[in-house]
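This note sets out a colleague's reading of the model shown below.

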Amino acid sequence: MKKDWRGLSIAMNDKLHQNARAGLIPGLNKVLNAAREAGAIGAVLSGSGPCILVVVNAGNNNVIKAVSGAIMKSWATAKIEAEVKQLNIQKTTTKIKKISEEDYRRTISPFWGDMIASSAV
C-alpha cells in the first residue's frame, strides 16, 4: 500500500456535496480548516453529518493533540457541543469465505430469525 498522504488530502476535499451541507452545520468549514491547519492530513463531513472524519498520522501525538484541540476550539466558537473520538484504522484485511446455505442459515437464524434466512434463498 502506497502512503500517498497528499493524494488522500486532495481526495478528502469534497467539492460536490460538502458545500451544500455546510450551511446546515454552523461552523463546519471553520472546523475543517482548523483541523487541516493544525496538521490533519484531511478533514471532511462524514456522510450527511453531523460527524466529521479527520485523518491524522498516528505516529505524531503532538499533531493529534493539536488537531483535537483545534477542532474542539472551533466547535466551541460556533457554540456547538462536540467531542473528539480517536479511532484506529484496521491494519489487517477482511477475509471473505464462501459458506454453504446450511451454514448461512445456522449463523443468521439466531440473530435475525427465519424470515431473513429464508429470504436469502
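1. Leaving aside neighbours within four places in sequence, which residues is Ser74 in contact with? The model is predicted, and in it Ser74 is in contact with Lys30, Val31 and Ala34 once those neighbours are set aside. Ser74 itself lies in helix α4. Its relative accessibility is 15%, and because the limit for a buried residue is under 20%, Ser74 counts as buried.

2. Overall architecture. The protein chain contains 6 helices and 2 strands. Read along the sequence, these elements follow the pattern α-α-α-β-β-α-α-α. The chain has 121 residues, of which 20% are buried. Its accessible surface comes to about 9600 Å², and carbon and sulfur atoms account for 56% of that area. Considering contacts between residues at least 6 apart in sequence, 41% join residues at least 24 apart.

3. The nonpolar core. In soluble globular proteins, nonpolar side chains tend to be buried together. The largest nonpolar core in this model has 12 residues, among them Ala22, Ile25, Leu28, Val31, Leu32 and Ala35. Further members include Ala40, Ala43, Leu45, Val67, Ile71 and Trp75. Two or more residues are given to this core by each of α3 (28-37), β1 (42-45) and α4 (61-77). The largest share, 4 residues, comes from α3.

4. Two alanines of the core. Ala40 and Ala43 both belong to the largest nonpolar core. Ala40 is placed in the loop between α3 and β1. With a relative accessible area of 9%, Ala40 is buried, since the cut-off is under 20%. Beyond residues up to four places away in sequence, Ala40 touches Ala35, Val54, Val55, Val56 and Val67. Gly27 and its surroundings. The place of Gly27 is in the loop between α2 (18-22) and α3. Its relative accessible area is 26%, and Gly27 is partly exposed. When neighbours within four places in sequence are left aside, Gly27 is in contact with Trp75 and Ala78. Trp75 is also one of the residues of the largest nonpolar core. Gly27 and Ser74 are separated by 47 residues in sequence, yet they are 7.3 Å apart in space, C-alpha to C-alpha.

5. The largest pocket. Rolling a probe the size of a water molecule over the atoms shows where empty space is left. In this model the largest pocket holds about 1400 Å³ of space. It is lined by 34 residues, and those closest to its centre are Leu53, Val54, Val55, Val56 and Leu87. The elements that give two or more residues to the lining are α1 (5-11), β2 (52-55) and α4. Of these, α4 gives the most, with 5 residues. By residue type, the lining divides into 21 nonpolar, 7 polar and 6 charged.

6. Gly7. This residue lies in helix α1. At 27% relative accessibility, Gly7 counts as partly exposed. Gly7 and Gly42 are 35 residues apart in sequence, and their C-alpha atoms are 9.8 Å apart in space.

7. Most residues other than glycine have a negative phi, and most peptide bonds are trans. What is the phi of Lys79 near? The phi of Lys79 is near 60°, a positive value in a residue other than glycine. Lys79 lies in the loop between α4 and α5 (101-112). Its relative accessibility is 73%, and because a residue over 50% is exposed, Lys79 counts as exposed.

Definitions and conventions: Residues numbered from 1 in each chain as written. Predicted model: local features only at pLDDT ≥ 70, side-chain atom pairs only at ≥ 80, totals over all residues. Heavy atoms only, no water. Core = buried A, V, L, I, M, F, W, Y, C linked by side-chain atoms within 4.5 Å. Buried < 20%, exposed > 50% of the residue type's maximum accessible area, 1.4 Å probe, protein only. Contact = heavy atoms within 4.5 Å. Areas by Shrake-Rupley, 256 points an atom, 1.4 Å probe, with all protein chains shown as cover. 1 Å grid on protein atoms, 1.4 Å probe; cavity = no way out; pocket = protein on both sides within 12 Å on 5 of 7 lines; lining within 4 Å. Points joined across faces, edges and corners; volume = space filled by probe spheres on them. Nonpolar A, V, L, I, M, F, W, Y, C, P; charged D, E, K, R; others polar.
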